[in-house]
Amino acid sequence: MIEFKGVSKTYPGMDTPVVRDLSFTIEDGEICVLVGPSGCGKTTSMRMINRLIEPTEGEILIDGQDNTSMSGTQLRRKIGYAIQQTGLFPHRTIADNIGTVPGLLGWDKARIASRADELLDLVGLAPDQYRDRYPAELSGGQQQRVGVARALAADPPVMLMDEPFGAVDPITRDRLQNEFLHIQEDIKKTIVFVTHDIDEGIKMGDKIAILKEGGILAQYDTPENILVKPASEFVQSFVGGDRVLKRLSLTRVGDVDLEPANGNGNALPRINAEWTLRDALSEIIGAGADRGLVVTDGESNGGSRGAITLDSIRKISHGAVVPRG
């Protein structure tokens, strides 16, 4: 658990703080997304957790312990850190990059090598193909995966991620987001994730902290509650006018009640149960239909789970959002 208790930061020579009186709690195993306009203090707030930046006022507690109770170096070795530019050492192999922090912690070579292979496999990079390569030999998306693997290397309970997928193309970014959320289901790290993109925040976050100019907390809540009940005109404006569509992106087709697949199922568009309602809506409208046949990977028509209709999606969009599974 991470607790911000009245945390402010004012840089020397400045009259006003860049972060002002932040107080909120991130529970164990949650992804908390810090989001807001440029200059609102979101990266500064995150970097105060591992003391790359020291707060001017207030406390940051990690599992009830003040983060100033140990040296900054000791603290940072206990916290994973992934950034947009990946920060990989160009002269070191992928395996050596991943083993950086375990090496500093005194792990033996065999344990480091084993951990590097384990993490490469976890992020979808075959160890035999990638462990001995250098960063310049990898694509941007592959480098981002290695950056995540390196942040996980010493199995830290807390991870800080500063726009980790921001430097790749939209298709790769979406894939990396999905893969990381899948990994998080297993590893359950406590993660602070910085982004300027509210859509990414809604997709990635269990909780979202929306900051406004001056480092002031405008709202801290679940994505669902922020979309349904924005706390102010600023939050409503920042989230955008397409809040209904954003709400649909929070719910998987397989998590809602389906209707019987009556009629000729062969004529209906196929809707994967893992898709969001927003994806289903797009597919159904694109096919010129009023419903879609819901299937899971590998299922034939006979194995369909039912149908989802435009009318049911419409009712969900104007009612309560179904929690993510």
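Helices (H or I, at least four residues) and strands (E, at least two) are DSSP runs, numbered from the N terminus. The model is predicted: local features need pLDDT of at least 70 and side-chain atom pairs count only at pLDDT 80 or more, while totals for chains, interfaces and linings use all residues. Residues are numbered from 1 along each chain as its sequence is written, and side-chain values use heavy atoms, with hydrogens and water left out.

**Second largest pocket**

Select β6 (79-83), the element that gives the most to the lining of the second largest pocket, with four residues. A pocket, on a 1 Å grid over the protein atoms alone, is an open set of points where a 1.4 Å probe fits, with protein on both sides within 12 Å along at least five of seven lines; lining residues have an atom within 4 Å of a point. This pocket holds about 460 Å³ of space, a volume being the space filled by probe spheres set on the points, which are joined across faces, edges and corners. Of its 19 lining residues, Arg76, Arg77, Ile79, Tyr81 and Val101 are the closest to the centre. Colour the lining by class: 10 residues are nonpolar, six polar and three charged. Here Ala, Val, Leu, Ile, Met, Phe, Trp, Tyr, Cys and Pro count as nonpolar, Asp, Glu, Lys and Arg as charged, and the others, Gly among them, as polar.

**Largest pocket**

Next, select α8 (170-187), which supplies nine residues, the largest share of the lining of the largest pocket. The space here is about 1,300 Å³. Among the 37 lining residues, Asn178, Leu181, Lys203, Ser249 and Thr276 lie nearest the centre. The lining comprises 18 charged, 11 polar and eight nonpolar residues.

**Nonpolar cores**

A nonpolar core is a set of buried Ala, Val, Leu, Ile, Met, Phe, Trp, Tyr and Cys residues joined through side-chain atoms within 4.5 Å; buried means under 20% relative accessible area, exposed over 50%, partly exposed in between (1.4 Å probe, protein chains only). Select Ile98, Met161, Phe165, Phe180, Phe193 and Ile210, which have the most contacts inside the largest core, of 41 residues. Helix α7 (residues 140-152) gives the most to this core, with five residues. Centre on Phe193: beyond neighbours within four places in sequence, its contacts (heavy atoms within 4.5 Å) include Ile31, Val33, Met161 and Phe165. A second, separate core of 26 residues includes Val7, Val19, Leu75 and Leu160.

**Helix α1**

Finally, select residues 42-49, helix α1, where six of eight residues are buried. Arg51, which follows α1, has a positive phi near 60°.
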